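Let's walk through this structure together, strand by strand and then ring by ring.

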Amino acid sequence: AFVALLAFAAAIPRPDKDAQTLRFDNNHNGIDGYNYQVETSNGIKQEEQAELRSFGEDNAAIVVRGSYSFVADDGQVYTVNYIADENGFQPEAPHLPKA
């Protein structure tokens with residue numbers, strides 16, 4: 001029974017196993033920020049931009065904006081847009097619950 005289960009598990013397709021990077025752009029601006037974009041052959045995409053922002057005389061932080069998308073098992077493409085700033089990580093997407 002164990003051998004049959006192992007053979008069944010090995011036969012399950014794993015499309016992400018052989019995914020290739022189709023695009024990778026990366027730009028660092030020293031301490032002022034960065035941006036990058038990644039795209040893979042299995043439909044994953046991500047992009048992100050960050051910049052140093054001042055929040056008063058003695059407070060500064062990197063503020064990040066970006067998005068990522070992927071093809072789920074149901075065949076749909078899901079996209080999440082987000083910002084991370086002084087208010088924390090804030091994702092937005094139609095498939096995510098609203099607070």
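**Strands, a patch and rings**

Strand β2 and strand β3 (residues 45-54) run antiparallel and are joined by 7 bridges; strands here are DSSP runs of E with at least two residues, numbered from the N terminus, and two of them pair if DSSP finds at least two bridges between them. The model is predicted: local features need pLDDT of at least 70, side-chain atom pairs count only at pLDDT 80 or more, and totals for chains, interfaces and linings use all residues. Residues are numbered from 1 along each chain as its sequence is written, and side-chain values use heavy atoms, with hydrogens and water left out.

Across from K45 in β3 you will find E39. The hairpin of β2 and β3 has 4 residues between the strands, and G43 there takes a positive phi near 95°.

On to the other neighbour of β2: strand β1 (residues 21-28) is antiparallel to β2 (residues 33-40), again with 7 bridges. H28 has Y34 in β2 as its bridge partner. In this hairpin, with 4 residues between the strands, G30 has a positive phi near 65°.

Now for the aromatic rings. The whole structure holds 4 aromatic pairs (ring centres of Phe, Tyr or Trp, its six-membered ring, within 6.5 Å; stacked under 30 degrees between planes, edge-to-face over 60, the rest tilted). Y34 and Y36 are stacked, because their ring centres are 6.3 Å apart and their planes at 15°. F70 and Y78 are stacked too, at 5.8 Å centre to centre and 25° between the planes. Finally, ring pairs link Y68, Y82 and F89 into a cluster.
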